[in-house]
Amino acid sequence: MRVRDLGAEDARAYRALSTGAFGGREPATAPRPFNPAETAIGIDSASLPGGVDGVIAAGARIRHDRITVGGGVAACGGVAGLAVHPAHRGNGLFGPLLTAVIARCQAEGMAFSMLYPSNPAIYRRFGYQEVARENEVQVPLGDLQRLRPVPGRRLVPVTEETMPRLRSLYRELTADDNGMLLREGPLFPDGLPGDGWSAVLLEDTEGQDHGYMSWTRAAEYEAVEGLEVHEILGRTRDDRVALLQSLGSWSTVTAHARVRLRTEDPVLDVLPSGRLQAAPGIPGIVMMRVIDTAAALEARPAPAGLDGAIRLVVEDSTVPGGTCRAAGTWIVRAHDGAISAQCVAECDGQEARAGHAAASRPDQGGSSDGAVGEIRLDIHAASLLLAGGRCMADARRLGLLAEGDPTAARFLDALLAGPRPSVLDAF
């Protein structure tokens with residue numbers, strides 16, 4: 001079956017498919033065209049048995065995002081709105097569509113693909129691996145009133161004029177994280193977000209920015225009552241205390257706030273924890289997949305002082321050979337703060353498992369290419385580890401293929417060390 005690009009003339013049919021699958025109502029007027037920073041692909045209903053013209057049987061959008069990777073930046077295809085029409089479910093459309101998504105991410109130069117799965121198991125069959133979960137806590141606002149004001153700090157309203165300062169702070173304070181979207185246009189417009197979004201900047205007496213907090217105030221009749229705090233970012237512990245102390249001022253109008261956090265968020269270190277609870281609801285899962293192993297590695301800087309090389313083998317039998325550049329063999333080097341990944345040979349699923357071990361097993365004392373040892377990962381271990389913040393032992397505990405010489409394993413762990421991935425944006 002043919003998977004094709006969707007254009008502006010397909011927008012209404014695709015929106016009908018998407019809102020039918022995920023909720024909402026299709027507007028009476030023509031819907032907006034696809035965002036220029038998205039690639040939309042789909043399968044026509046008319047090309048299938050029993051299909052009709054003007055209906056998209058299956059479709060998806062690929063966002064052209066960039067994400068943080070341990071101090072660097074990598075291109076990432078955010079998969080959104082992947083749906084199959086009820087009339088065509090069970091007819092084998094999901095696999096070809098998702099394979100086409102992965103291939104298109106490669107063609108668009110993506111190092112990773114990311115998505116929020118409605119059914120993690122079906123995405124896992126195509127190489128996606130859970131790397132993070134949404135993290136929200138419910139904070140009793142009265143408890144925050146015990147926090148003392150921080151001297152030398154003041155709050156500034158966020159307006160169209162001051163919004164660039166907030167965006168600059170976001171980039172600076174999340175630069176060393178893993179998985180955070182850079183929030184660039186046109187996916188993220190330059191102006192203020194809508195739908196009741198508000199924020200304050202934290203600055204010192206000389207006007208230097210130190211942090212910010214953003215939120216949405218929900219009305220009593222809405223599903224989530226109270227205050228939705230989207231993020232609290234500050235340079236120092238005192239800055240985060242100052243922002244939380246400001247949050248406590250809302251206790252006069254609402255009792256609780258839902259605060260969204262990063263996976264390893266320093267805000268937790270200053271939140272009064274006596275009555276802190278996980279926010280109600282099932283946390284959303286974030287899955288990622290390596291699209292191009294070399295690009296994923298070379299996007300990040302090497303840790304200071306790390307110097308050396310390993311042989312890295314990645315096996316991927318979840319998609320046909322040539323779909324993307326996740327599988328292969330590379331000499332991965334760290335030198336002078338940079339990482340390089342030189343391709344030695346491409347591997348393709350069963351071939352890699354059957355033939356690579358005999359052909360390219362290095363000796364324990366090093367090899368002619370300078371590698372101190374070899375690491376072998378399946379696509380799930382590669383997706384977990386190259387997203388950052390996890391180690392070889394973590395992958396093995398999950399039952400993933402993560403084998404290697406101890407020296408090479410220590411090298412890879414050091415190369416990818418950092419905070420576990422976090423994503424504060426849903427799509």
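**Cysteines, cores and a hairpin**

Guide: Cys391 is partly exposed, with a relative accessible area of 22%. On this scale buried means under 20% relative accessible area, exposed means over 50%, and partly exposed lies in between, using a 1.4 Å probe and protein chains only. The model is predicted, so local features need pLDDT of at least 70 and side-chain atom pairs count only at pLDDT 80 or more, while totals for chains, interfaces and linings use all residues. Residues are numbered from 1 along each chain as its sequence is written, and side-chain values use heavy atoms, with hydrogens and water left out.

Cys324, at 13% relative accessibility, counts as buried. Its sulfur is 9.1 Å from the closest cysteine sulfur, in Cys105, which is too far for a bond. A disulfide is a pair of cysteine sulfur atoms within 2.5 Å, and a search of the whole structure finds zero of them.

Next, the nonpolar cores. Such a core is a set of buried Ala, Val, Leu, Ile, Met, Phe, Trp, Tyr and Cys residues joined through side-chain atoms within 4.5 Å. The largest has 79 residues, and Phe112, Leu377 and Leu415 touch the most other members. Helix H2 (residues 94–107) gives the most to this core, with seven residues. Helices (H or I, at least four residues) and strands (E, at least two) are DSSP runs, numbered from the N terminus. Another core, of 24 residues, lies apart and includes Leu147 and Val267.

Last, strands S17 (residues 328–335) and S18 (residues 338–345) pair in the antiparallel sense over seven bridges; pairing requires that DSSP finds at least two bridges. Arg333 stands opposite Ser340 in S18. The two strands form a hairpin with two residues between them, and Asp336 in the turn has a positive phi of about 55 degrees.
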